[in-house]
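This report describes one protein chain, moving between local detail and the whole. The sequence and structure are shown first.

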Amino acid sequence: MERYRTTAKYKISSFGCFFPFTLATCMAGLKNEELIRRCNDILLKIGELGQILDDYMDCYGDPAISGEISTDIETRKCTWLIVTAMQRATPKQKAILEDCYGCQDPAKVEKVKEVYEELDLRSEYATCLQDRYEVLHRLIDQLSNDIPPELFYNLMFSEGK
């Protein structure tokens with residue numbers, strides 16, 4: 001999970017949230033370092049949330065809506081789903097995941113998805129999202145009035161589309 005979080009941090013959070021915000025604070029002349037640090041913490045969490053959403057939608061989303069064809073399983077990407085599955089799987093399920101994850105064979109891809117269903121990752125995903133939204137709401141509500149909370153809420157919900 002630590003590897004996953006590092007990937008999310010540098011892939012989504014840094015480029016999609018952190019760097020644009022840092023540039024904006026510099027341009028606006030914001031100099032409150034503690035406020036900037038707290039905002040950056042929120043942005044990194046929003047970016048990780050966005051990566052989790054993207055991983056889930058790659059597996060369970062409708063390609064007609066997203067315009068993307070699911071390939072994370074076939075390309076052996078380090079996703080929230082596979083990391084969570086490996087943490088929760090029985091030895092037998094782990095063996096299936098190790099044998100099938102990263103294979104182009106549609107039957108093996110389906111076996112991975114079957115293990116995901118056995119582990120009830122859809123429910124785990126819903127719980128994960130709820131927990132993350134609650135943490136983010138709490139952190140955003142603790143900010144001073146120097147940064148409009150809507151900035152963060154708009155980012156959160158744009159990640160969740």
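Asp120 is found in the loop between H6 and helix H7 (121–141); helices here are DSSP runs of H or I with at least four residues, strands are runs of E with at least two, and both are numbered from the N terminus. The model is a predicted one, in which local features need pLDDT of at least 70 and side-chain atom pairs count only at pLDDT 80 or more, while totals for chains, interfaces and linings use all residues. Residues are numbered from 1 along each chain as its sequence is written, and side-chain values use heavy atoms, with hydrogens and water left out.

**Positive phi angles**

Although Asp120 is not a glycine, its phi is positive, at about 55°. Asp120 is partly exposed, with a relative accessible area of 39%. On this scale, buried means under 20% relative accessible area, exposed over 50%, and partly exposed in between, using a 1.4 Å probe and protein chains only.

Arg76, likewise not a glycine, has a positive phi of about 60°. Arg76 belongs to the loop between helix H3 (63–66) and H4, and its relative accessible area of 52% makes it exposed. Glu68 also has its place in the loop between H3 and H4; it is partly exposed, at 49% relative accessible area. From Glu68 to Ile52 the C-alpha distance is 16 Å, for a sequence separation of 16 residues.

**Helix H5 and its surroundings**

Helix H5 covers residues 91–100, and within it Gln93, Leu97 and Cys100 are buried. Seen down the axis of H5, these buried residues fall within an arc of 80°, so they line one face of the helix; the arc is that of the directions from the helix axis to the C-beta atoms. An α-helix has 3.6 residues a turn, so residues three or four places apart point the same way. On the other side of H5, Pro91, Lys92 and Glu98 are exposed. The buried residues of H5 pack against helix H4 (80–88) and helix H6 (106–118), where contact means heavy atoms within 4.5 Å.

**Helix H2**

Helix H2 spans residues 33–60 and contains Leu43, which counts as buried at 1% relative accessibility. Leaving aside neighbours within four places in sequence, Asp58 is in contact with Ile69, Ser70, Thr71 and Asp72. Asp58 and Lys9 are 49 residues apart along the chain, and 19 Å separates their C-alpha atoms.

**Cysteines**

A disulfide is a covalent bond between the sulfur atoms of two cysteines. Here it is taken as a pair of cysteine sulfur atoms within 2.5 Å, and by this rule the count comes to zero. Two cysteines are compared below.

| Cysteine | Closest cysteine sulfur | Sulfur distance |
|---|---|---|
| Cys103 | Cys100 | 6.1 Å |
| Cys128 | Cys78 | 14 Å |

The distance from Cys103 to Cys100 is too far for a bond, as is that from Cys128 to Cys78. Cys103 is partly exposed, with a relative accessible area of 21%, whereas Cys128 counts as buried at 9%.

**The chain as a whole**

The chain has eight helices and zero strands, giving the pattern α-α-α-α-α-α-α-α when read along the sequence. Its C-alpha trace spans about 55 × 30 × 25 Å along the principal axes. Of the 161 residues, 39% are buried. Among contacts between residues at least 6 apart in sequence, 71% join residues at least 24 apart.

The accessible surface comes to about 9400 Å², and carbon and sulfur atoms hold 55% of it; the areas come from the Shrake-Rupley method with a 1.4 Å probe, and for residues only the protein chains shown count as cover. There are 20 positive and 27 negative side chains, with the centres of the two sets 4 Å apart. Lys and Arg count as positive and Asp and Glu as negative, while His and the chain ends are not counted. Each charge is placed at NZ of Lys, CZ of Arg, CG of Asp or CD of Glu.
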